[in-house]
Amino acid sequence: GGVMGCRTRFFKSPEFAAKKEVKSMAAEHKHAFGVEPNDMGYPDMGCGRYADQLSYEQWVEINNAQRAHYNMVESSGPVLASMALGGLILPRVCAGLGLAYAVARFLYAQGYNSKKGADGRMVGAAMGALSTLGLFGICIAMGLHKAIV
């Protein structure tokens, strides 16, 4: 939600579309591909040609939102796998740790998207790390228990 909110506010604004550089890129895109460019700034992920046309504050805001999103994508796979495996033995504990992880992700994104930027993510990062370590620990203990038995 944070990334899409930034994209909508920044790239869909009439002020952005009215910029000479943006109009030039749109014409270049249409010439190269035969269609109008996407009006949400794609394929720019925050550090490309469209983002160069943002103010510094907008550039930082979209990159903070993008980084918080990437971090969630990067960490969710192992967490979900650990929840599924650990949940076979300790479903309530893993559900609780999964809920803690979800809350941590929310706090992480809110903090990262605040005026503090990367420094604002620490509470969510710590909570996310603890819940992730708990899930990993359950899976390791489960594996060791099955190996011994």
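Arg 9 is partly exposed, with a relative accessible area of 45% (buried means under 20%, exposed over 50% and partly exposed in between, with a 1.4 Å probe and protein chains only). The model is predicted, so local features need pLDDT of at least 70 and side-chain atom pairs pLDDT 80 or more, while totals for chains, interfaces and linings use all residues. Residues are numbered from 1 along each chain as its sequence is written, and side-chain values use heavy atoms, without hydrogens and water.

The protein chain averages a pLDDT of 93, and 99% of the residues score at least 70; pLDDT is the predictor's confidence in each residue, from 0 to 100.

Side chains of opposite charge can pair when their charged atoms come close. A salt bridge is counted when a side-chain nitrogen of Lys or Arg lies within 4 Å of a carboxyl oxygen of Asp or Glu, and the count comes to 6. In one of them, Arg 9 meets Glu 61 at 2.5 Å, N to O. This pair links helix α1 with helix α4 across 52 residues (helices are DSSP runs of H or I, at least four residues, numbered from the N terminus). Glu 61 is partly exposed, at 26% relative accessible area.

Arg 49 forms another salt bridge, with Glu 28, their closest N and O atoms being 3.8 Å apart. Arg 49 lies in the loop between α3 and α4 and Glu 28 in helix α3, so the pair ties together parts 21 residues apart in sequence. Arg 49 is exposed, at 54%, whereas Glu 28 is partly exposed, at 42%.

Note on methods: Helix = DSSP H or I, 4+ residues; strand = E, 2+ residues; numbered from the N terminus.
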